[in-house]
Amino acid sequence: MKYLLVIGDGMADNPVPQLGNQTPLQAASIPSIDRMAARGLVGSVVNCPEPLPAGSETAILSIFGCDPRQYFTGRSPMEAAAAGIPMLPGDAAFRCNLVTLEDGDMPLEKKRILSHSAGSIEGEAALEAVDALLGDVRFARALRDARIDIHPFPAFRQLAVQHHSDISGIRFTPPHDHLGEEAGPLFPAGNERAEVFARLMELAHEILNHHPAAEKRRQAGKMPANGVWFWAEGTAVELPSFRSQYGMDGAVVSAVPLCHGIGVLRGLEMVEVEGATGELDTNFPGKLEAVWDKLNQYGFVCLHLEAPDECTHNGDLPGKVQAIEWLDSRLVSPLLSRLETAGMDHRVLLLSDHKTLTATRGHDGDPVPFLLYDSRRDTGRGGVYDESAGESGPFVENGNQLLGMLFSDEISFQ
């Protein structure tokens with residue numbers, strides 16, 4: 001038996017007026033997923049229990065079988081695990097996004113957050129922006145004084161680690177949940193220790209705003225990386241062994257450090273695919289072959305697609321619908337075909353980790369639809385996979401129960 005977990009990041013949504021009050025899932029053509037839904041079981045699940053953040057850091061932890069109310073210490077420590085960055089007792093990790101802040105002569109606190117990802121900056125352009133900061137004497141000195149190391153990556157997702165850290169009482173705000181809003185009220189706050197991070201963000205904007213790297217992107221019609229944003233704070237975390245809990249090994253195919261990090265902490269193999277970007281232009285054929293290769297090696301594989309979430313954050317509604325359709329046509333459909341041709345019995349758990357709302361371009365922690373499918377059985381329930389179908393089906397209050405349902409011999413809620 002092969003077990004496949006498919007996560008379409010942020011693909012669940014609320015009805016969208018531009019789609020005739022359909023959700024993107026309802027508007028998308030997903031025949032292979034709907035075929036599984038007709039033969040399987042569709043319900044709804046809470047992956048982001050309150051008061052934890054409504055985001056992948058909570059939801060994917062749940063989906064991987066760990067109760068986030070017990071194991072969640074923050075997003076960045078899980079991303080650090082994926083990157084092999086060691087964290088010592090007393091260390092805290094942070095996401096340090098490259099962002100785009102509004103141009104203009106107004107004070108920094110009045111500038112709006114235009115992009116949480118500096119226009120999805122990547123590769124050499126991202127490294128050039130980070131190098132501009134780390135090579136600046138003032139910024140380098142400020143990092144040393146704050147006991148902070150920044151670990152550069154060729155993407156908007158940078159990681160920082162503060163040694164001998166105390167993050168208690170500091171409020172950090174996810175930038176993707178506040179696009180179009182003024183930055184000042186969203187800066188780290190809560191006590192005097194927060195001021196260190198706010199000052200670093202102010203200095204970064206001063207250095208980057210008119211740096212040649214930023215001007216080059218403006219001239220090319222792209223959003224400049226003219227700031228950094230600290231968020232996703234957390235301390236070191238240990239997760240229980242996947243093998244000990246479920247009796248098997250497996251792999252995680254994703255372009256996102258968070259998903260990889262949770263897998264690594266659970267003892268699963270991290271599979272990186274060349275050209276996998278986390279965006280709509282990700283390497284779909286490469287991800288398909290990676291999943292198929294690992295299904296022939298392990299009993300369990302997780303396939304994670306970030307594109308629906310990023311398209312929503314970027315305000316790209318057609319892109320979100322396209323990402324959902326390509327999840328079906330370029331990944332799910334050929335995988336099912338190969339499994340069936342090879343005569344491999346298989347079970348599939350497919351779901352959105354959380355909602356990412358077209359209306360706000362931010363995350364939402366409401367229940368999301370899940371789909372359980374067993375190639376050996378036909379539940380005869382009929383139907384499709386979308387939010388309404390999920391609401392009409394069984395309700396699972398704790399998302400960390402879903403993997404146990406996938407591995408159980410029967411599709412059952414008993």
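Since the model is predicted, local features need pLDDT of at least 70 and side-chain atom pairs count only at pLDDT 80 or more, while totals for chains, interfaces and linings use all residues. Residues are numbered from 1 along each chain as its sequence is written, and side-chain values use heavy atoms, with hydrogens and water left out.

**Overall build**

The protein chain has 16 helices and 15 strands; these are DSSP runs numbered from the N terminus, with helices being H or I of at least four residues and strands being E of at least two. Along the principal axes, its C-alpha atoms fill a box of roughly 65 × 45 × 35 Å. Buried residues make up 56% of the 414, where buried means under 20% relative accessible area, exposed over 50% and partly exposed in between, using a 1.4 Å probe and protein chains only. Take the contacts (heavy atoms within 4.5 Å) between residues at least 6 apart in sequence: 73% of them join residues at least 24 apart.

Now for the gaps. On a 1 Å grid over the protein atoms alone, a cavity is a set of points where a 1.4 Å probe fits but cannot get out, whereas a pocket is an open set with protein on both sides within 12 Å along at least five of seven lines; lining residues have an atom within 4 Å of a point. Grid points are joined across faces, edges and corners, and a volume is the space filled by probe spheres set on the points.

| Space | Volume | Residues nearest the centre |
|---|---|---|
| Largest pocket | about 580 Å³ | Ala155, Ala255, Pro257, Glu272, Ala276 |
| Second largest pocket | about 260 Å³ | Gly119, Ser120, Ile121, Arg217, Glu279 |
| Largest cavity | about 100 Å³ | Arg75, His176, Glu306, Asp309, Glu310 |

The largest pocket is lined by 27 residues. Helix H5 (76-83) and helix H11 (257-265) each give two or more of them, and H5 has the largest share with three. By class, that lining splits into 14 nonpolar, seven polar and six charged residues. (Ala, Val, Leu, Ile, Met, Phe, Trp, Tyr, Cys and Pro count as nonpolar, Asp, Glu, Lys and Arg as charged, and the others, Gly among them, as polar.) The second largest pocket has a lining of four nonpolar, four polar and six charged residues.

Searching the whole structure turns up three cavities of 30 Å³ or more. Around the largest cavity sit 16 lining residues, of which two are nonpolar, seven polar and seven charged. Helix H13 (307-313) gives the most, three residues.

**Helix H2**

In helix H2 (31-39), Ser32, Ile33, Met36 and Ala37 are buried. They sit on the same side of H2 because they cover an arc of only 145° around the axis, taken from the directions from the helix axis to the C-beta atoms. Their cover includes strand S2 (41-45), helix H14 (317-341), strand S11 (346-351) and strand S14 (368-374).

Most residues other than glycine have a negative phi, and most peptide bonds are trans. Glu50 and Pro51, however, are joined by a cis peptide bond with omega about 5°; Pro51 is in the loop between S2 and helix H3 (56-63). Arg147 has a positive phi near 60° and lies in the loop between helix H7 (137-145) and strand S5 (148-151). Arg361 also has a positive phi, about 65°, and is partly exposed at 28% relative accessible area.
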